[in-house]
Structures are given as C-alpha cells and as structure tokens.
Amino acid sequence: MSLLRTGRSRKDRDGRFGTVLVAAGAGILAVVALAVLLGPLFTSWGPNQIDGDAPTLAEPGGAHLFGTDVNGMDVWSRLLYAGRVDLGIAIAAVAIAVVLGSILGVVAGYFGGWLDDVLMRLTDIFQAFPTFILALAVAALLGSGPLNLTVAIALVNAPAYARLVRAEVRTIRDLTYVDAARTSGASTIGLLWRHVLPNSLTPVRVIAPLNCGWAMLTLAGLSFLGLGIPVPDAEWGAMISLGTGDVVAGRWWTSVPPGIALLVCVLGFSLLGEGLQERADRVRR
Amino acid sequence: MRILRFVARRLLQLIPVLLGVVVLTFLLVRVLPGDPIRTILGPNATAADEAAARARFGLDRPLWRQFTDYLGGLVTGDFGTSIQSGQSVGSEMALRIGPTMELVVLAVAIAVVIATVVGLWSARHANRAGDHGIRVLALIGNSMPEFWLGLVLILVGYAGLGWFPAPSGRVDPDTDLTPITGADALDALLTGNMPALTSALWHLALPVLTLVIVIVAPLLRSVRASALEVLRSEPYAAAEAHGLPGRVLRRGYLVRAALVRLPSLAALVFGFAIGSTVLIEYVYSWQGFGQWALRGLLYRDYPVVQASVLVIALCYVVVFLIADVVHAMLDPRVRI
C-alpha cells in the first residue's frame, strides 16, 4: 500500500463508492427477499386464483393493486409468488455452476496433463457460443420446467467458473505455503480442500452475484419465449410474455410490473457485484 | 503484409473448430429427444407415411452416411432442405441474416461510440457525482430484461406517443423496396429508395435503442477503467507536467490507449447481442435469423439447427478475429 497522501485519499474515495454500491445492492436484495418470502402476508389472492367478481384485465386499484391479467388473476400476488421461482432457480443454478465449475477447475489446474487438456478443450467449445444461445439450446432440448431450467442455466455457466478457478489454482499450487502443507504430510484431498480451494475462489466471489442477475434474465428470457416455466405458473418472464398483447393496446399493468421486479432484483445483484469488484480493485492497486 | 498472413493463418485454424461444431451439433440434435418428422405429419399419419417422409429427407440411412452426405453438401455450399418448409436452408437463411446483422451491427457500433465518449468523460471526472450517476445509469440499463425494455419502448413510443411504427415488420410494404441484402436500410440506400430508407430507419429505431441500452454498460466500464489507468500513469503525469495542451494530451495520450481493450470486449458484447436479438426480434416481429433459428430448434428441424449453429459459431469467431486485428492496429506493442 502506498504511503503517498494523494494516492491514499483517492483509493479511499474509490473504496467508499464501492461500499455504497455493496450496501445498496445488499439492501435491495434483502427487501426483495423479504417481500417474496413473506409474500402471502401482503396479498389475499393466490398466484393462480381467478377472481370471479373482477373482470379480466381490470385496471389497477380497488381489490387488485396492479389489476388483473387476461385470465382474471391478481397481478400483484402473482408478482410476489413469481419472485420465489425466479430467485430460487437463479441462485440454485449459480450455486450448482460454482460447485461444478470449481471442482473441474481445481482438478484440471492442480493435476494438469491430459485431463486438463480435455476439460479445457470442452470449455473452449462451450465458449464458442453466446451464453444465451447455449442456454436456449439446452433448455429447448431438455424441455421446460423448474428442474430442467436450473440444470440448463447451471450447465452453461459452469465452464466459466472452471476456467476462472483453474487459472487461480495454477498459480496457487506452486506457492510456498502449499509446498509446506504438502511436506508436512497433508493428503491430496485435504490439501486441495483446506489450502488450495479457499484461496482460488477469490474471483468467484465477485462474479457469482453478477452471474445470479444474469441467470435471472436468462430464466425470464427463456420463459418469455415459452421455453421456461410453463403457464399458468407465475414467473416474471412468463408474466411479461402473457402481457405482450396488452402492450400494443396500451395496457401497461400486466407486463410492466413484472419487468420492474426483474430489473430491481438484477440491479441488486449488479450493484453488489460492481461494488465488490471496485473494492477488490482497490486492494490490488 | 503481416496482417494478411495473420488473418489467413487464423482462418485456417478455424477449420478444425468449425468441423468440431458441425460434428457435435449433428450428433446432439439427433441423440437428444424430439423428432422432426412427427411434427410435419398430421395426426392420422400411418407408419408407412412416416417411413416415406423419413426416406424423403434421407433420415432412414445409417448415421455415418447421413453425415457424409451433409458434409459433402456443406463443401459445395448446400445446407440441406428444411424439414418444416421443404425449402433450401441456404436460401432461407440468406433472407434472414441481413435483417439481424443490420440490427446487431448498428447497435454495437452506436454502443461503442457512446461508451467511448461517455467513458472518457466519466474517467476525467472520476468519483464525482456525474461519474457515479453515469455508472449507476449504465448498470440499470444492463440489468433490464431486453424483451421487457422492448415492450416498454413500444408502449411509450407506439401505443403512447404514436411516434414510432407498430412492432410488426421492418419496413412499410407500400414503399416497394427491392430486397438485395435483406438489411432493409442498406437496400433502400443501394436502390436510392428514399421513402423506404426513412421507413426502415423508423422501424429500426426502437429495436436498436433497446439493444444499445442493454449492451452499453460493459463497454462503458472498460473504457472508463482503461482511461483511468492512463490518467493515473507516470507518462501521462509527465506529459501533463511538461505543459502539453489539453487537446494533445487527449488525442495523443488518452484516447488511443483507452481504446486498447475495447475491441475484444466489443466482440464479446457482439455475441451477447446475438443472443439478445432472439428475444428482441420476437418482440418486434423482426422476422430475422433469431426467430428462424428458434423455430428450427423448437421443431427439431435438423438442417436448420445445424446451419444456424454453424453460422453463429462462424460469426462469433470471425468477429473475434476482426477484434484481434483492430487491437493490433490500436496497440503497437501487439505483434501478430
């Protein structure tokens, strides 16, 4: 760290904005998570409950905060229940991708050799395509439904983590402290688990939140195209898709609220990731 | 010419990668569940009808034979026949690529220009309110689902204000545009058809704007970070201390150095934009490559899926090649 005064004050200023971003992101996500988990407290309608008394496509207000959709279901309560699906699948998919990618990356990076070659060529092929296209192809081939979507999104993200972790492991495995642990008789598994893996996950901590946001957008995009969560289940992308026809007629309430919900959630993850990145940069500089 | 030799070598290296892509798609699309023949036959089709249809598309032959036939066709530029439409895949695709390219290339170009101008400004005013505001705005744009943003722009620009045309099609059919490349604005320009040009540009405005808003953030971040590095570097401090005028400092020291990392990122963003166009084309009924490929995928139309995967991969690697060449031109330290 530099002792120059100007240098330090500049770093502090960068760091402060990073902290603000992290706090804002975490705050947004906490509010969304609470709203989604405690959703039933804020609404008297079920996600797929049709209000026989209200007309379909009723304007917002009265018994229905955001009106009703083309099926006569309450948009606000669907919004809340859909959050569980979106957040749940996105976080689960990224968690699976991190675990799978880290295992592959550690094994490839630590042992090297033909295993490394095979794994890296495989990730090469994966990375010759835009990720959304890959997710689209995998989802179309696996079929719709929450489980298949989680698998599809996890699968297309895992290679990036494998590469990231592998690069870290290749530098870490030759460090003195790893040698020390090895000479003091640590088993290979213990060495990897206790000494190599924790330190090779540093970049993953920054990427994973950003990736969660991206996973939500992918999920919603797939549902929007009819490849995701099958209708009548509430999911933000599927809700937007259902409201597409209303937009041209000037009815905003069926598709704008789920989009804003998505935007807020993804923004929470982006702010978190951007802030963490900023703080990581400050340490490095 | 060193650059030409570099390009030629890279193009040769492409062949095994693309061959790998062809083999993999060919196998995967056949191994995974789904049958293209069942989707074109009616509910009353007999087993004999099905066998006849299979024979018509050569799907009754052994797998290796199908593959060699397909590869033989590819070498002569024949992508096969679409199972859904019965048309030549190559000519169907030719109609679809132009409109999508028009969208993606315009959007990426506009985004690069915006990112450069705003990113440099942001770096020179780093950590002040304006800089923070720009970064948060870019993040918000980047966090929007592109298909939803498209719908909101339609809601405001078409349903609300009525300034933009309805989201159906790419050009007003009354303008009698003669298609050449499929990219309507370009075709109108080539044929000197002014009403068609205006119409095509109006139709392009909202989809391009949608794409620009979604992709500008990563480019902006990169320009800002590189520019900050330059501004805080010793050579720049020395040049500034020597009293060089601001214009020279900006042109000679800042701009070029700040753009060095942009090409490879722009290539990455280009790929991201290709993914996004599948959704944006759907929203604006653009009838481009994305919609065509998606339908092929949903109906398991083998030749269509194979051709579109191959074209996307080809496009992606060629864009990265261009990015490398531009990078070498921007950065004299890079030897290619």
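## Confidence in chain A

Residues 1–8 of chain A keep a pLDDT under 50, and the model has 2 contacts beyond four places in sequence for this stretch. The model is predicted. Across chain A, the average pLDDT is 82. A score of at least 70 is reached by 89% of the residues.

## Helix 5 and A:Ala154

Helix 5 of chain A covers residues 146–172, and A:Ala154 is found in it. Is A:Ala154 buried or exposed? A:Ala154 has 23 C-beta neighbours inside 10 Å, so A:Ala154 counts as buried. The cut-off for a buried residue is 20 or more.

Sequence neighbours within four places aside, A:Ala154 is in contact with A:Ala93, A:Ile96, A:Ala97 and A:Leu100. A:Gly101 is 53 residues from A:Ala154 in sequence. In space, the two are 9.4 Å apart, C-alpha to C-alpha.

## Helix 5 against helix 7

Helix 7 of chain A spans residues 188–200. Its axis and that of helix 5 of chain A are 9 Å apart, and the packing angle is about 125°. Helix 5 and helix 7 of chain A are therefore oblique to each other. Their crossing is right-handed.

On the helix 5 side of chain A, the contact is made by A:Val165, A:Glu168, A:Val169 and A:Ile172. Helix 7 of chain A brings A:Val196, A:Asn199 and A:Ser200. By class, this contact of helix 5 with helix 7 of chain A has 4 nonpolar, 2 polar and 1 charged residues.

## Helix 5 against helix 8

Helix 5 of chain A also packs with helix 8 of chain A. The two axes come within 11 Å and cross at roughly 160°. An angle over 145 degrees counts as roughly antiparallel. Helix 5 and helix 8 of chain A are therefore roughly antiparallel to each other. This crossing is right-handed.

From helix 5 of chain A, the contact draws on A:Leu149, A:Ile153, A:Asn157, A:Tyr161, A:Leu164, A:Val165 and A:Glu168. Helix 8 of chain A answers with A:Thr202, A:Pro203, A:Val204, A:Ile207, A:Asn211, A:Ala215, A:Thr218, A:Leu219 and A:Leu222. The residues of this contact of helix 5 with helix 8 of chain A divide into 11 nonpolar, 4 polar and 1 charged. A:Val165 and A:Glu168 of helix 5 take part in the contact with helix 7 and in the contact with helix 8.

## The interface between chains A and B

How many residues of chain A are in contact with chain B? The number is 37, and they touch 36 residues of chain B. Five helices of chain A each supply at least two residues of the side that touches chain B: helix 1 (5–37), helix 4 (131–142), helix 8 (202–224), helix 10 (244–248) and helix 11 (256–284). Helix 11 of chain A gives the most, with 9 residues. By class, the side of chain A that touches chain B has 26 nonpolar, 8 polar and 3 charged residues.

## Chain B as a whole

Chain B has 14 helices and 0 strands. Its C-alpha trace spans about 85 × 50 × 40 Å along its principal axes. Of the 336 residues in chain B, 38% are buried. Among contacts in chain B between residues at least 6 apart in sequence, 74% join residues at least 24 apart.

Definitions and conventions:
Residues numbered from 1 in each chain as written. Chains lettered and ligands numbered in written order. Predicted model: local features only at pLDDT ≥ 70, side-chain atom pairs only at ≥ 80, totals over all residues. Helix = DSSP H or I, 4+ residues; strand = E, 2+ residues; numbered from the N terminus. Buried ≥ 20, exposed ≤ 12 C-beta atoms within 10 Å, placed from the backbone. Contact = placed C-beta atoms within 7 Å. Nonpolar A, V, L, I, M, F, W, Y, C, P; charged D, E, K, R; others polar. Axes fitted to C-alpha atoms, helices over the stretch in contact; angles between N-to-C directions. Parallel < 35°, antiparallel > 145°, perpendicular 65-115°, else oblique. Left-handed = near helix turned anticlockwise from the far one by under 90°. pLDDT = per-residue confidence, 0-100.
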